[in-house]
Amino acid sequence: MLIKIARKNKIKSSEITARNVFENRRAFMKGAGALGLGAVAGGTVGNLLSSSPVAAAQSLNAIKSDVYTLDSIGEELPTDRVVATSYNNFYEFGTGKEDPAENAQAFNPRPWTVTIAGAVENPGTFDIDDLLKPYQLEERIYRFRCVEAWSMVVPWVGVPLADVLKRVGPTSKARYVAFKTLYDPDRMPGQLRGVIPWPYVEGLRIDEAMNDLTLLTVGMYGEVLPNQNGAPVRLIVPWKYGFKSIKSIVSIALVEEQPPCTWNLTNPREYGFYSNVNPDVDHPRWSQARERVVGTGIFAKRRETEMLNGYEEEVGSLYDGMDLSKFY
Amino acid sequence: MSSSSANETTLRATNLRRAAAKVAVFVICLAPLAWAVWLAFTPGVGGSGLGPNPQEFLNRYLGDWALRFLMIALAVTPVRLVFGWRWLFRFRRMLGLYAFFYVCLHLASYVVLDKGFYWDEIWSDVTKRTYITVGMAAFILLIPMAVTSTAGMVKRLGPLRWRRLHQSIYVIVPLGCLHFFMMRKGIQIEPLIYAGITATLLAARVWQKYRPKPARRQAL
């Protein structure tokens, strides 16, 4: 399976290079001379993550998970990388699916700090590279299911959020985790419009946040996370609808009360706090029973959506005794 | 050359011009569909120029054009009124039928490509999801208009009843705008622009009906 990914990437390499050059053309023109193209060589997490947008195509030194593989989800191939990096919901850069890939190119995700606060023993504001330096990055292939009934299969690169949280030491009062995206309309032009309240906020129950599946993500397809996919650091919560996987995180707070979540604030009837993938609980405006796997062509049939996006074994017990049609 | 044959020649030339204009408008109105077909056969992200989610793209694209043509058909009378372009009236039926044509394509792309004939899901969409109910209502209201668009039908119904039936467009276009607005997440600008233009076009009708009558006689 892993060989297959490599082979696929190889076939697509010319295409990818061309696209990156295209997308980063402005930064590329400015930065290429100063940095030199040699900067694209491999290395540790710390020095790899600390660079200008030119580094968007930098490869990451990650070990491939032997649990979360294509085999484990019964897929032959991941979603085409070009598709996964050009079909995005990231309202901070516009509401159209192609907007983020277009409008996020000038965004520089460095320097970047993440504040960890609230019910923890060691709160603080950490440089993202320092924060992640102690960890070995891992590549995991997860299903990604958007609440809009489309899905992808993506090899994410990151560390379990639990590892980072354990280091700062949540106290007994930490019952939920609240996340916040950067608010900076100068850098995120979509925030000039009041489509949704800014900044984007999300939240998880502490046991959800500490579950091994929850990935603090810094890359995809073996490379640094592109801006349009939530650079430099985002969450991936694979059993929940995509909007729970908050992007471009600047703040993580451990709190006692259930924190507000942007889409829940915007439309509580349509988006619940939990927002677990569930084929039996429809969105008021569409069915969640089947999903469109993007990039599979115009005559492809929809795929049957799985309970908890196929991760029932891992996280099903978190919701024992809960009525998921009530706590949607 | 006698004057009667000169008139005949002028008449023939006028008819020819009118026919050519109709053909031109007919072809122009096909352009959005032609563009979608072109994209389908052009390479692009996710396989073709239709993008990674071609079903969604086509459905929205055809929906956009359905609503635009509905608004164009609705605009004929106000535009004629404001600019005095009486010739515009000759294209109204064609524009209205094109609106119906794009609505049908929009609906077909939903049933065939997006839902893959899952009738149970389609039925629950229509009954449970308000924005789809609204869209379907607009479609159903359009059917009698399309069916009665021929000259024969105008005669059969009589101009008064025919006009009354075709006034359902004043309901259909707002329904289309509502359908579009409700489909989008959050408050987005595009559906509001469509709604604003539609409101203006309808306001023109109200103005036309209630404006001071003497002014109208003077104009005549």
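How many residues of chain B are in contact with chain A, and how many residues of chain A do they meet? In this predicted model, 20 residues of chain B are in contact with 22 residues of chain A. On the chain B side, helix H2 (54-83) and helix H4 (119-128) each supply at least two residues. The residues on that side of chain B divide into eight nonpolar, eight polar and four charged.

Chain B is built from ten helices and has zero strands. Read from the N terminus, its elements run α-α-α-α-α-α-α-α-α-α. Its C-alpha atoms fill a box of roughly 65 × 45 × 35 Å, taken along the principal axes. Of the 220 residues in chain B, 24% are buried. Among contacts in chain B with a separation of 6 or more, 60% come from residues 24 or more positions apart.

Chain A contains an open sheet of five strands. Its order is E3-E2-E11-E6-E7 (chain A), and the pairing is mixed. Strands E3 and E7 (201-205) of chain A stand at the edges with a single partner strand each, so one side of each is left without a neighbour in the sheet. Neighbouring strands of this sheet are turned by 20° against each other on average, direction ignored.

The pairings can be followed across the sheet. Strand E2 (residues 113-118) of chain A pairs with strand E3 (residues 124-127) of chain A in the antiparallel sense, over four bridges. These two strands, E2(A) and E3(A), form a hairpin with five residues between them. Within the pair, Val114(A) stands opposite Phe126(A). E2(A) also pairs with strand E11 (residues 249-255) of chain A, here in the parallel sense and over four bridges. Ile116(A) has Ile252(A) in E11(A) as its bridge partner. Further along, strand E6 (residues 176-181) of chain A runs antiparallel to E7(A), and five bridges join the two. Ala178(A) stands opposite Gly203(A) in E7(A).

Trp112(A) lies in the loop between helix H5 (99-103) and E2 of chain A. Trp112(A) counts as buried because it has 20 C-beta neighbours inside 10 Å. Leaving aside residues up to four places away in sequence, Trp112(A) touches Ile128(A) and Pro232(A). Trp112(A) and Ile128(A) are 16 residues apart in sequence, yet their C-alpha atoms are 5.8 Å apart in space.

The largest nonpolar core has 70 residues. Of these 70, Val177(A), Phe179(A) and Leu235(A) touch the most other members. Strand E5 (residues 150-160) of chain A gives the most to this core, with six residues. A second, separate core of 31 residues includes Leu58(B), Phe100(B), Val134(B) and Ile172(B). Returning to Val177(A), its contacts are Gly203(A), Leu204(A), Ile206(A), Ala209(A), Ile252(A) and Leu254(A), not counting residues up to four places away in sequence.

Helix H7 (residues 161-168) of chain A has four named residues in the interior: Leu161(A), Val164(A), Leu165(A) and Val168(A) are its buried residues. Seen down the axis of H7(A), these fall within an arc of 95°, so they line one face of the helix. The buried residues of H7(A) pack against several elements of chain A, including E2, helix H6 (128-132), E5 and helix H8 (206-210). Strand E8 (215-220) and strand E10 (234-236) of chain A are also among the elements packed against. Gly169(A) follows H7(A) and has a positive phi, near 70°.

Other strand pairings in chain A involve E5(A). E5(A) and strand E12 (residues 290-293) of chain A pair in the parallel sense over two bridges. Ser151(A) has Val293(A) in E12(A) as its bridge partner. E12(A) in turn pairs with strand E13 (residues 303-304) of chain A, in the antiparallel sense and over two bridges. In E13(A), the bridge partner of Arg290(A) is Glu304(A).

How values were computed
Residues numbered from 1 in each chain as written. Chains lettered and ligands numbered in written order. Predicted model: local features only at pLDDT ≥ 70, side-chain atom pairs only at ≥ 80, totals over all residues. Core = buried A, V, L, I, M, F, W, Y, C linked by C-beta atoms within 7 Å. Buried ≥ 20, exposed ≤ 12 C-beta atoms within 10 Å, placed from the backbone. Contact = placed C-beta atoms within 7 Å. Nonpolar A, V, L, I, M, F, W, Y, C, P; charged D, E, K, R; others polar. Pairing = 2+ DSSP bridges. Axes fitted to C-alpha atoms, helices over the stretch in contact; angles between N-to-C directions. Arc of directions from axis to C-beta.
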